[in-house]
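Biologist: Could you take me through this model, starting with how it was set up?

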Amino acid sequence: QKEVEQNSGPLSVPEGAIASLNCTYSDRGSQSFFWYRQYSGKSPELIMSIYSNGDKEDGRFTAQLNKASQYVSLLIRDSQPSDSATYLCAVQRGGADGLTFGKGTHLIIQP
Amino acid sequence: GAVVSQHPSWVICKSGTSVKIECRSLDFQATTMFWYRQFPKQSLMLMATSNEGSKATYEQGVEKDKFLINHASLTLSTLTVTSAHPEDSSFYICSASPGTGSEQYFGPGTRLTVT
């Protein structure tokens, strides 16, 4: 059974600091990895996608993937109060497959 | 670009009735659409995958006769919850993909409450 594990939090980070979110997955056949942000009562919004080992940077966000360790992480630099949300890690086995989501990490940025 | 809409955004229905939810890709053609369900304090769970012009593929444990999915065109998929019961109350979210290997874009979701 495919599983995606995340620490549910809440993770509290001071404004301006780096927030570090982690995720592990069980399906070694997973090929695509995503981070979504979800505000309460809203649908997920794509933050980052990563497909190969290493780091991928986009503005204040950096995604890191280590397929050998089955580990994905998201770093948010210069955290802002508006970054406060639940961050969902999702994995995909094949390009035509649906996503398997973790339960999400509730991030709180303290002003 | 890559906008997905859902209608209605929320619906309340009585137990035993059926409810139809529409998912539309507004600015791209979606060869594949996905339906997810999210219960309070839980994550999104994939219910089914629908491909235009073919039968949907349902995840294990999802009743295909209860959750009817139709993907009649490249921009529209519908989910009908038949004979709804209170335990079907949930947040239903669709996503659409322009093609294999492309990212999925999520609709705003439909909150269903069955009384």
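Modeller: What follows covers the conventions, then the interface, then one residue. This is a predicted model in which local features need pLDDT of at least 70 and side-chain atom pairs count only at pLDDT 80 or more, while totals for chains, interfaces and linings use all residues. Residues are numbered from 1 along each chain as its sequence is written, chains are lettered from A and ligands numbered from 1 in the order written, and side-chain values use heavy atoms, with hydrogens and water left out.

Biologist: How much area do chain B and chain A bury between them?

Modeller: Chain B and chain A bury about 1400 Å², with 53% of it on carbon and sulfur atoms; buried area is the accessible area (1.4 Å probe) that two parts lose on being put together, summed over both. Ser43(B), Glu103(B) and Phe106(B) supply 31% of the area that chain B buries against chain A, more than any other three residues.

Biologist: And how many salt bridges are there between chain B and chain A?

Modeller: The count is 0, where a salt bridge is a side-chain nitrogen of Lys or Arg within 4 Å of a carboxyl oxygen of Asp or Glu.

Biologist: Switching topic, is Arg37(A) buried or exposed?

Modeller: Arg37(A), which lies in strand S4 (residues 32-38) of chain A (strands are DSSP runs of E, at least two residues, numbered from the N terminus), is buried, with a relative accessible area of 13%, because buried means under 20% with a 1.4 Å probe and protein chains only.

Notes. Helix = DSSP H or I, 4+ residues; strand = E, 2+ residues; numbered from the N terminus. Buried < 20%, exposed > 50% of the residue type's maximum accessible area, 1.4 Å probe, protein only.
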